[in-house]
Amino acid sequence: MFSKGRLLGAVRNSHGTIGVAKILGGMFLLLPLGVPEPSFARNSPVGRWDAFVAVGKAEIPFRFDIALDGNEARGFFFEGEQRISSTSGQFADGTLQLNYDFLNATLVAKFDGESLTGSYRYNRKNGKEYSFHATRSAPIAGKHDGGPVVAGDWEMKLVGEDHGAKKDPRTALTWQLYLRKSGSEISGSILRIDGDTGTLTGGWKGDQLILSHFAGERPVLFEAALQKDGTLEILYNNENRYLAARKPDAKAKGIDAPADPSGFTSVQNAGEPFHFSFPDINGKVVSDTDPQFKNKVVLLAIGGTWCPNCRDEAPFLVDLYRRYHSSGLEIVGLNFEAAGEFSEDKPRLDSFVKEFSVPYPILYAGAIPDVKEKLPQLVNFDAYPTTIYLGRDGRVASVHAGFASAATGDAHTNLTKEVDGLIEGLLAKSG
């Protein structure tokens, strides 16, 4: 718990910074701009920062907040307007270290009074490391221009070759782009077959629409220009180029329909029961033949604690379980983890279960690349998360690739209705 007597940072309203907030002697004080701040504030990283991580050829901008209580530090990413706090951290001798256990990531930066410089790294096996720097945030009147009207639903395709380091074949698939406008701010999300980018935020700067996202994961820099024919030319992470058109116009612009998430992955023989058998996080083996699954509708969630879209999906699955378990729904998480060694991956699994209050079993199925070997009945598995719906007879009723989070707006609402309908239909059938 942060104690009284600390500086909370800048206070803003819709017109910008109006003062500095502090708690002193149990009282909330607002020091107007122009009134000197306490001397310790100038030697402290507390407050709002304009931060960047370097990812390949792109520098991804994002909001970042820091709070201190003595040497204890907390750092906050933003997912839209939701703040995502570090789990632990410290500030000592000019060095800030923040730990995000749920992401298995650490930020370390040197503070020189007006800037932070360091790195953000994922601690998992073969985890990436991004250089990080930040300067104190300065509110700018009219930060974004009004710009053209682009709110709505779009579809986008790769133009030219894939310049990404991974050469991911999913990059060539059509993506869905959802844009929303609030004042001069633009927000939205890109939905791929494996899930979405999280909430992109930004706005127009001259004739360029610039949006970005980084909440400890999913770094995205989206730069677009509206063309005379109503399409958007997009540069993604300063790497690949895309053409986007509004959904009704996409086919005429040569953009194929997006892959159907309910038809992307299938099974070899839908007439056979689907089999699984893996240990849970306490080492007990759980199998499809166990009595608890007899004559039940079973949802198998293939995912991993390292997977951002799996983390998006977790509260959704917990809600489904609470609403439908008493009617005969069972949910089982089949987790494929980064290290591929149970002893190394177990702390992440335990943290995941605790963070989301998961009431159903999470099974340790293996390493990230092991799905095809461990679940050989699947055909064309290529998306984390993937959800398998089994009827009361144990046979596959549906397979859904990816997950559309709340960042996608109507796509998430439609997915919720679709899943509710599917589960209710399966529960209504006798085994």
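Begin by selecting Pro 385, which lies in the loop between β28 (378-379) and β29 (386-390). The peptide bond leading from Tyr 384 to Pro 385 is cis, with omega near 0°. Helices (H or I, at least four residues) and strands (E, at least two) are DSSP runs, numbered from the N terminus.

A word on the source is needed here. This is a predicted model, in which local features need pLDDT of at least 70 and side-chain atom pairs count only at pLDDT 80 or more, while totals for chains, interfaces and linings use all residues. Residues are numbered from 1 along each chain as its sequence is written, and side-chain values use heavy atoms, with hydrogens and water left out.

**Two loops with positive phi**

Most residues other than glycine have a negative phi, and most peptide bonds are trans. Select Asn 295, in the loop between β24 (285-287) and β25 (297-303). Its phi is near 60°, a positive value in a residue other than glycine. Asn 295 counts as partly exposed, at 40% relative accessibility. Here buried means under 20% relative accessible area, exposed over 50%, and partly exposed in between (1.4 Å probe, protein chains only).

Next, select Ser 357, found in the loop between α3 (342-356) and β27 (362-367). Ser 357 is not a glycine, yet its phi is positive, at about 50°. This serine is partly exposed, with a relative accessible area of 43%.

**The whole chain**

Of its 431 residues, 50% are buried.

**The largest nonpolar core**

Which residues have the most contacts inside the largest nonpolar core? Select Phe 64, Phe 77, Leu 116, Tyr 120, Phe 132 and Phe 214 to see them; the core has 33 residues. A nonpolar core is a set of buried Ala, Val, Leu, Ile, Met, Phe, Trp, Tyr and Cys residues joined through side-chain atoms within 4.5 Å. Among the strands that each supply at least two residues of this core are β5 (58-69), β6 (72-79) and β11 (115-122). β5 gives the most, with six residues.

Centre the view on Leu 116. Not counting residues up to four places away in sequence, Leu 116 touches several residues, including Trp 49, Ile 66, Leu 96 and Phe 132; contact means heavy atoms within 4.5 Å. Apart from this core lies another, of 31 residues, among them Tyr 178, Tyr 321, Tyr 364 and Leu 415.

Select His 412, in helix α5 (residues 410-428). Is this residue buried or exposed? His 412 is buried, with a relative accessible area of 19%. A polar atom of the His 412 side chain lies 2.8 Å from the backbone oxygen of Ala 404. Leaving aside neighbours within four places in sequence, the contacts of His 412 include Phe 316, Phe 403 and Ser 405.

On the α2 side, the contact is made by Phe 316, Leu 320, Arg 323 and Tyr 324, and the α5 residues include His 412, Val 419 and Leu 427.

Terms used:
A polar contact is a pair of N or O atoms within 3.5 Å; within protein, one must be able to donate a hydrogen and the other to accept it, and residues adjacent in sequence count only if both atoms are side-chain atoms.
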